[in-house]
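Please keep the structure in view while reading.

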Amino acid sequence: MRLTWTPNMATGIASMDAEHRNLIAAHNDLVEALADGVAADVAASLGRLLAMTQDHFRHEEDVMRATAFSGLSRHEVEHDLIITEFYNARHRLLGGVIRTLDPAMMRQFKRWFVDHVTEMDFDYVAHLLDHGVE
Ligand SMILES: [Fe+2]
Ligand SMILES: [Fe+2]
């Protein structure tokens with residue numbers, strides 16, 4: 001269930017690549033916490049991943065907005081979907097409704113991350129590089 005950085009994820013925008021790598025690391029921390037099975041650690045790891053993901057999405061949306069990228073609103077919808085799903089899962093964990101995360105949800109996140117970075121994020125690459133975003 002771990003995520004591994006692969007060269008096809010490299011956008012060539014240094015800040016985005018660094019953030020994507022950090023998200024992979026945070027995801028893998030969560031996978032480890034799930035394997036250990038300590039509910040408080042799972043909630044803490046999920047909280048960190050959620051916060052880092054929100055920061056990353058905000059960063060992407062800010063630079064897309066600042067450079068008037070035409071695909072911004074479509075991109076924001078995708079971001080909002082994943083944040084909502086993780087926020088709800090964290091809420092259920094903290095409330096004691098669930099004790100762990102559904103493996104199907106983790107598989108879905110993994111698939112979503114790879115697809116999102118290699119497809120949707122790549123849509124903005126040429127535009128942002130043209131506007132000097134690093
Ligand atoms: Fe991204
Ligand atoms: Fe994105």
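For the packing described below, an axis is a line fitted to C-alpha atoms, for helices over the stretch in contact, and the angle between two axes runs from 0 to 180 degrees between N-to-C directions. With that convention, helix 3 (residues 72-94) and helix 4 (residues 103-130) of this predicted model pack at an angle of about 160 degrees, and their axes are 12 Å apart. Since angles over 145 degrees count as roughly antiparallel, helix 3 and helix 4 are therefore roughly antiparallel to each other, and the crossing in which helix 3 passes helix 4 is left-handed. On the side of helix 3 the meeting residues are His75, Glu78, Ile82 and Ala89, while helix 4 contributes Met105, Trp112, His116 and Met120. By class, the residues of this contact of helix 3 with helix 4 comprise five nonpolar, two polar and one charged.

Helix 3 also packs against helix 2 (residues 39-66), where the two axes come within 10 Å and cross at roughly 165 degrees. That angle makes helix 2 roughly antiparallel to helix 3, and the crossing of helix 2 and helix 3 is left-handed. The residues of helix 2 that make the contact include Ala39, Leu46, Leu50, Phe57 and Met64, and those of helix 3 include Leu72, His75, Ile83, Phe86 and Leu94. The residues of the contact of helix 2 with helix 3 divide into 14 nonpolar, five polar and four charged.

Turning to the whole chain, one finds four helices and zero strands, which gives the pattern α-α-α-α when read along the sequence. The radius of gyration of the chain is 15 Å, close to the 14 Å that the globule rule gives for 134 residues, so the chain is as compact as a globular protein of that length. Along the principal axes, the C-alpha atoms fill a box of roughly 45 × 25 × 20 Å. Of the contacts in the chain with a separation of 6 or more, 73% are between residues 24 or more positions apart. Of the 134 residues, 15% count as buried.

A last stop is His27, whose place is in helix 1 (residues 14-36). Is His27 buried or exposed? His27 has 21 C-beta neighbours inside 10 Å and therefore counts as buried, the cut-off being 20 or more. Not counting residues up to four places away in sequence, His27 touches Leu3 and Leu49. Ser73 lies 46 residues from His27 along the chain, and the C-alpha atoms of these two residues are separated by 26 Å.

Technical notes: Residues numbered from 1 in each chain as written. Chains lettered and ligands numbered in written order. Predicted model: local features only at pLDDT ≥ 70, side-chain atom pairs only at ≥ 80, totals over all residues. Helix = DSSP H or I, 4+ residues; strand = E, 2+ residues; numbered from the N terminus. Rg over C-alpha atoms; globule rule 2.2 N^0.38 Å. Buried ≥ 20, exposed ≤ 12 C-beta atoms within 10 Å, placed from the backbone. Contact = placed C-beta atoms within 7 Å. Parallel < 35°, antiparallel > 145°, perpendicular 65-115°, else oblique. Left-handed = near helix turned anticlockwise from the far one by under 90°. Nonpolar A, V, L, I, M, F, W, Y, C, P; charged D, E, K, R; others polar.
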